[in-house]
Amino acid sequence: MAMLEGKVVAITGAGRGIGREIALLCAREGAAVVINDFGGSADGEGLDAGPAQETANDIKAAGGRAIANTASVADPAGAASIIEDAVKAFGRIDAVVNNAGILRDRIWHKMSHEDWNAVIDVHLNGAFNVSKAATPYFRDQQSGSFIHFTSTSGLIGNFGQANYSAAKLGIVGLSQSIALDMARAGVRSNCIAPFAWSRLVATIPATTPAEEARIERLKTMSADKIAPLVAFLASDAAKEVSNQIFGVRKNEIFLFSKPRPIRSMQKSEGWTPTSIAEELLPAFRPSFADPAERSGDVFSYDPI
């Protein structure tokens, strides 16, 4: 039997890119799928029902079950309609994939309140809105899976992406708290940081040979490589997996560590600014190195 047979999965941002590949695979694995996509541009402007409907049509043409939804996840009522459509069309909701996103990259000193709020609204508030709408159904049935998309831009940081980075790290905090709050109801919540070429990544300018080479490497990381982990996390096979942060890069799946103390110093008489400078700073300085320097540049800083 297919891994998601009998399941109903709602996927935001599923008209194109990573979301579309997730929808196609979940359908092939037996799930009925709600394809949500506002159809806007990479920066969130405009509205186009075409991408969501096209993905839904492709699934139905292949013998699967799917419906399109073009609501904005940033609107609580729109987000609720995604879950309501799932229940009306298919009778239940088993998994939510919070994948919708936009980019409005600006160097920090030039970032406007509008650019900040727009990105936070779609990524962080959108994940909250859709998850909140699904929660009563998950509690009633004592099961469910939340799969949220984070990014190394949030986990590590990135130039010109204070809004995106804050939203993506906020999603990690949201997911972890949902996992703790909902464990007693048998509900799981996990995050994925994807390494994959997408239309959002394609908006990043390459101004140096090193950046150009990095973009070329990203182009080899196809979106379909992300979908198998999502389908697994949505399935009953992942019933013991919750409160985790995964990454996918081509054929590699890895598990991120969580922030933990890495070094400590105690001073019985207490610290002064001078003693910190003279004693603590030299001891802690090796831990202040850039993560890429410590890890041999294992993780790219590209927004993903």
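In the protein chain, 69% of the contacts with a separation of 6 or more are between residues 24 or more positions apart. The structure is a predicted model. Its protein chain has 10 helices and 8 strands. The chain has 304 residues, and 48% of them count as buried.

Two pairs of helices were examined for packing. The crossing of α1 past α2 is right-handed. On the α1 side, the contact is made by R20, A23, L24 and A27. On the α2 side, the residues in contact are E54, T55, D58 and I59.

The second pair consists of helix α3 (residues 76-90) and helix α4 (residues 113-141). The axes of α3 and α4 come within 8 Å, and the crossing angle is roughly 40°. This angle makes α3 oblique to α4, because the roughly parallel class holds angles under 35 degrees and the roughly perpendicular class runs from 65 to 115. The crossing of α3 and α4 is right-handed. From α3, the residues that meet the partner helix are P76, A79, A80, I82, I83 and V87. They meet N129, V130, A133, A134 and Y137 in α4.

Burial was also examined within a single helix. Helix α9 covers residues 273-284, and its buried residues include S275, L280 and F284. These residues are on the same side of α9, because they cover an arc of only 95° around the axis. In general, an α-helix has 3.6 residues a turn, so residues three or four places apart point the same way.

Cysteines were considered last. A disulfide is a covalent bond between the sulfur atoms of two cysteines. A search of the whole structure gives 0 disulfides. Residues count as buried when their relative accessible area is under 20%. C26 has a relative accessible area of 1% and is therefore buried. C191 also counts as buried, because its relative accessibility is 1%.

Technical notes
Residues numbered from 1 in each chain as written. Predicted model: local features only at pLDDT ≥ 70, side-chain atom pairs only at ≥ 80, totals over all residues. Heavy atoms only, no water. Buried < 20%, exposed > 50% of the residue type's maximum accessible area, 1.4 Å probe, protein only. Helix = DSSP H or I, 4+ residues; strand = E, 2+ residues; numbered from the N terminus. Arc of directions from axis to C-beta. Disulfide = S-S within 2.5 Å. Left-handed = near helix turned anticlockwise from the far one by under 90°. Contact = heavy atoms within 4.5 Å. Axes fitted to C-alpha atoms, helices over the stretch in contact; angles between N-to-C directions. Parallel < 35°, antiparallel > 145°, perpendicular 65-115°, else oblique.
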